[in-house]
Amino acid sequence: MRVRRQARCAGPILHVNKYSSVTGHTSLGNNVNFNGMKIRGNGTVSIGDNFHCGEECIILTDNHNYDKGTAIPYDSTYLVKETIIEDNVWLGSRVILLPGVHLGEGCIVQAGSVVTRSVPKFAIVGGNPAKQFKTRDVEHYNRLKSEKKFH
């Protein structure tokens with residue numbers, strides 16, 4: 001119930017299986033499944049329908065101003081960015097999303113990855129920094145989607 005209260009909005013089905021926290025700038029779609037998610041920062045986060053994450057995932061939405069700031073190693077201002085996660089995305093355990101990332105529909109992020117850039121639809125990515133190494137079978141994906149077979 002705490003995640004639903006913290007979020008700006010949430011769809012009717014929300015599963016929080018392990019301690020998770022979101023910000024008031026977070027919008028959650030329907031059938032969102034958290035198994036230990038921490039969303040931090042002042043940027044907006046939009047998570048689509050049928051989202052799943054493994055344990056200990058982190059979404060960061062702002063960063064210290066280190067490049068154009070008034071002090072070293074950084075000043076007291078933050079660079080705030082929006083994070084968008086489209087429908088049917090799956091994050092493995094211990095994934096970190098850096099500020100400004102956009103995850104396309106149906107993409108999968110391998111456990112332990114650090115996502116520094118946006119990921120296209122249906123891509124399967126992994127590593128640090130995460131790189132695409134495969135694409136989902138789009139025809140099969142679309143068939144399951146049309147049959148409304150969501151987990």
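The model is predicted, so local features need pLDDT of at least 70 and side-chain atom pairs count only at pLDDT 80 or more, while totals for chains, interfaces and linings use all residues. Residues are numbered from 1 along each chain as its sequence is written, and side-chain values use heavy atoms, with hydrogens and water left out.

Select the open sheet of 5 strands, ordered β1-β3-β6-β11-β14 with parallel pairing. Its edges are β1 (9–10) and β14 (102–103); each has a single partner strand, so one side of each lacks a neighbour in the sheet. Strands here are DSSP runs of E of at least two residues, and helices are runs of H or I of at least four, numbered from the N terminus; two strands pair if DSSP finds at least two bridges between them. Between β1 and β3 (residues 26–28) there are 2 bridges, and A10 stands opposite L28.

Next, select N50, in the loop between β6 (45–47) and β7 (52–53). N50 is not a glycine, yet its phi is positive, about 60°.

Move to R94, between β12 (90–91) and β13 (96–97). Its phi is also positive, near 60°, but R94 is exposed (over 50%), at 53%.

Then display β17 (residues 123–127) and β18 (residues 130–135), an antiparallel pair with 5 bridges. A hairpin of 2 residues joins them, and G127 has A130 as its bridge partner. In that loop lies P129; the peptide bond from N128 to P129 is cis, with omega near 0°.

Finish at K148, which follows α2 and has a positive phi, near 55°.

Notes
Buried < 20%, exposed > 50% of the residue type's maximum accessible area, 1.4 Å probe, protein only.
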